[in-house]
Amino acid sequence: MERVLEGRTALVTGSTSGIGLGIAMFYAKAGARVMLNGFGKPEDIAKARAEVGAAMGVAEAPYSAADLSKAEGCRQMVAEALAALGSVDILVNNAGIQFVAPIDEFPEDKWDLIIAINMSSNYHAIKAALPGMKAKGWGRIINIASAHGLIASPYKSAYVTAKHGVVGLTKTVALEVARTNITCNAICPGFVRTPLAEAQIPPLAAKFGVSEEVALTDHLLEHQPSKKWVEVDDVAQMALWLVGPNSGGMNGSAYSVDGGWTAA
Ligand code: NAD
């Protein structure tokens, strides 16, 4: 990979798994120094740190265990990144969770948690990281929204609400930084092959009494015209594009990587 991010630093939230880990790997291979964040089994976190570290030419990538469901956790994570990397040139707000239930049965604690992690953490992290970007005169912010930031599906009220909020926050921040060398964009993936999405298949198979294969193509990917997963690297490629050379003109947009979902 061309080392287009040589000299840059990046903080990718929720990067112990899935899309975040894929973006962290792309950035490290492109020459950036990257800090990881997220939960998981200690051995999985150690593996992620070693893999991203190897791409950076160090034993292990720096890592923050901060809990992004709390404002204080978001601030702590940015402070840890500034201490470890010296700056946060690129911030990718990616951490997220899912919960599916009809609105009249949707648990209040799940609602609060999804709004906190999937939406409010973006606000807290941007607020903490932006002053450093302004001082440096360069910055890139990417918020990982979703196709569900643009359209809705039933039973995902908290997730759809949070992701629409993320797209709105992205536009607002973009306008506020428009006269600087900082940009803020959203990426809106369709169904991407990750633990978060794959976990939705068995309940669908059980609900409709079909095989997991049919649950995937006919139910989970019902609205994704490609009828196949978007791959993590497809999203990571977009995330690299938005922070690489000649990316300054892209600001305030929501870029779909969804196998044609939102074209339908
Ligand atoms: P994943 O479950 O593989 O990864 C989620 C990451 O977030 C993990 O690293 C996890 O530890 C971290 N995380 C969860 N709660 C956290 C907390 N409180 N504090 C810190 N980290 C926390 O999921 P993924 O599919 O890679 O999803 C990543 C992002 O992409 C999410 O925002 C998700 O909504 C979005 N997205 C995913 C898909 C998809 O189909 N997979 C589609 C559209 C959007």
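Trainee: Which residues of helix H9 are buried in this predicted model?

Mentor: An α-helix has 3.6 residues a turn, so residues three or four places apart point the same way. In H9, the buried residues are Val-232, Val-235, Ala-236, Met-238, Ala-239 and Leu-240. Their cover includes H1, E5, E6 and strand E7 (254–257).

Trainee: At what angle do H3 and H4 pack, and how far apart are their axes?

Mentor: Helix H3 (residues 71–85) packs on helix H4 (residues 108–136) at about 40°, with the axes 9 Å apart. H3 and H4 are therefore oblique to each other, and their crossing is right-handed. Ala-71, Cys-74, Arg-75, Met-77 and Val-78 of H3 meet Ser-121, His-124, Ala-125, Ala-128 and Ala-129 of H4. This contact comprises seven nonpolar, two polar and one charged residues.

Trainee: Which residues have the most contacts inside the largest nonpolar core?

Mentor: In soluble globular proteins, nonpolar side chains tend to be buried together. Here the largest nonpolar core has 40 residues, and Ile-23, Tyr-27, Val-34, Val-52, Ile-142 and Ile-187 have the most contacts inside it. Elements giving two or more residues to this core include strand E1 (9–12), strand E2 (33–37), helix H2 (42–56) and helix H9 (232–241). H1 supplies the largest share, eight residues. A second, separate core has 24 residues, among them Ala-66, Ala-81, Leu-91 and Ala-125.

Trainee: What does Val-34 touch?

Mentor: Beyond residues up to four places away in sequence, Val-34 touches Ala-10, Val-12, Ala-24, Tyr-27, Ala-28, Val-52, Met-56, Ala-61, Pro-62 and Leu-85.

Trainee: Why does Thr-183 count as buried?

Mentor: The cut-off for buried is under 20% relative accessible area. Thr-183 counts as buried because its relative accessibility is 3%. Thr-183 lies in strand E6 (residues 182–189). Apart from neighbours within four places in sequence, its contacts include Gly-139, Arg-140, Ile-141, Val-177 and Leu-242.

Definitions and conventions: Residues are numbered from 1 along each chain as its sequence is written. This is a predicted model: local features need pLDDT of at least 70, side-chain atom pairs count only at pLDDT 80 or more; totals for chains, interfaces and linings use all residues. Side-chain values use heavy atoms; hydrogens and water are left out. A nonpolar core is a set of buried Ala, Val, Leu, Ile, Met, Phe, Trp, Tyr and Cys residues joined through side-chain atoms within 4.5 Å. Buried means under 20% relative accessible area, exposed over 50%, partly exposed in between (1.4 Å probe, protein chains only). Helices (H or I, at least four residues) and strands (E, at least two) are DSSP runs, numbered from the N terminus. Contact means heavy atoms within 4.5 Å. Axes are lines fitted to C-alpha atoms, for helices over the stretch in contact, and angles run from 0 to 180 degrees between N-to-C directions. Angles under 35 degrees count as roughly parallel, over 145 as roughly antiparallel, 65 to 115 as roughly perpendicular and the rest as oblique. A crossing is left-handed if the near helix is turned anticlockwise from the far one by less than a right angle, and right-handed if clockwise. Ala, Val, Leu, Ile, Met, Phe, Trp, Tyr, Cys and Pro count as nonpolar, Asp, Glu, Lys and Arg as charged, and the others, Gly among them, as polar.
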